Amino acid sequence: MKIDIWFLFEIGINLYQAVLITYFVRQRFHLVRPQFAYGVLCTLAIWAYLTLYLFVDMPILDTYIIVIPLVYALLVSDDKWYVILFWNAVLSLTLSGVVNLAFSLYIQFAGVSITQIMSETPLRVSFVVSCNIALLCIIFLETRISRKNRGALSLASMVVFLTTLILELAVIELLYTIRMQTHIDDMAFTAASLCMLACSALSLLLYELMSASAAKQKRTEAELEAAKLSQSHYEEMKDMYAYMIAHEHDMKHQMELIRKLYDDGHMQEGQKLLKEQPALPEVNYEFMTGCVAMDALLTVKKLAMDRNQIVFDFQPYPLHELPIAESKFCSIISNLLDNAIEACSRLPEDGEKWISLEIGRVGTGLTILC
């Protein structure tokens, strides 16, 4: 009966740890395939691995258990591979660091040996329960770390952090191996274990601070880009307004001249000028494509080209039916023309600058040649 109770205790603790590891993966990563079956399979695989030593008389290294949640995360998450590796290294470091520190504390302050801790006694129950409570608290805190900044750091930075965690994990495993082989209960081992766990926590804190800083920098760059686009649109609107004001000014002068001729009695000259009025310069920056948004876009881009002394050659094509959303189509054309204008602005001042835009239809789609 005693053997059965310990057997149930061991497999119960192993099941608890399997659920805890699966919980970490499901909370820490962004899952694109969050099916319940995947989580169950991961839990059962971890449970089977941890319980294998009860049926097979061979050493089972708990460190290798991390392979199962790693594969699970790679299958169900769309996070970058190095982000998945990093957090699985954090999980492995947490499992090893807590257990190693618990061993050191029990040996140092309870005055017991590793053999006594591993024996089927109430001491082992206390050790296992306290370890797993500590794991629950730490893993819960690790899953609460903000996921808004995931993927903010570059690959090089993530490799540095990942290498640091692996080295810290190696030191913790070496400390545990030395203590198991030598049975030394020196305070230095306890202090070293505590320091390594603290170093791991500081590495994680540094990662979080750098991720937040990198994410803030990216948001700032996006805001600057948006401000640059707003400035570009402002210049375009200013060009259009200046053009309209200039034409309105010309028309006003023409009408005042005609009125003055009539008032001064120069009827023939006034009538002649009035007849010539339709021959006044028309609005040349008008495009008729069947898409109002496209016409407005081409108008402001043409004004920008005139300001930079660039000839614009546009081959008209009916655009009353578009294969994609109007906003997306105009965005594509706007980017093409902006890039072309920027390229022309880098050419020598004495050279001829021109931009050609042709749009044609192929089947249900459009071809754009700029």
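Reply: Buried means under 20% relative accessible area, exposed means over 50%, and partly exposed lies in between (1.4 Å probe, protein chains only). This is a predicted model, in which local features need pLDDT of at least 70, side-chain atom pairs count only at pLDDT 80 or more, and totals for chains, interfaces and linings use all residues. Residues are numbered from 1 along each chain as its sequence is written, and side-chain values use heavy atoms, with hydrogens and water left out.

Me: How many salt bridges does a search of the whole structure find?

Reply: Side chains of opposite charge can pair when their charged atoms come close. A salt bridge is a side-chain nitrogen of Lys or Arg within 4 Å of a carboxyl oxygen of Asp or Glu. Searching the whole structure for such pairs gives a total of five.

Me: How many residues apart in sequence are the parts that D338 and K301 tie together?

Reply: The side chains of D338 and K301 form a salt bridge, 2.6 Å from N to O. D338 belongs to helix 11 (residues 326-345) and K301 to helix 10 (residues 292-307), so the pair ties together parts whose separation in sequence is 37 residues. Helices here are DSSP runs (H or I, at least four residues), numbered from the N terminus.

Me: Which residue forms a salt bridge with R346?

Reply: R346 is exposed, at 65% relative accessibility. The closest N and O atoms of the pair are 2.6 Å apart, and the partner is E342.

Notes
Helices (H or I, at least four residues) and strands (E, at least two) are DSSP runs, numbered from the N terminus.
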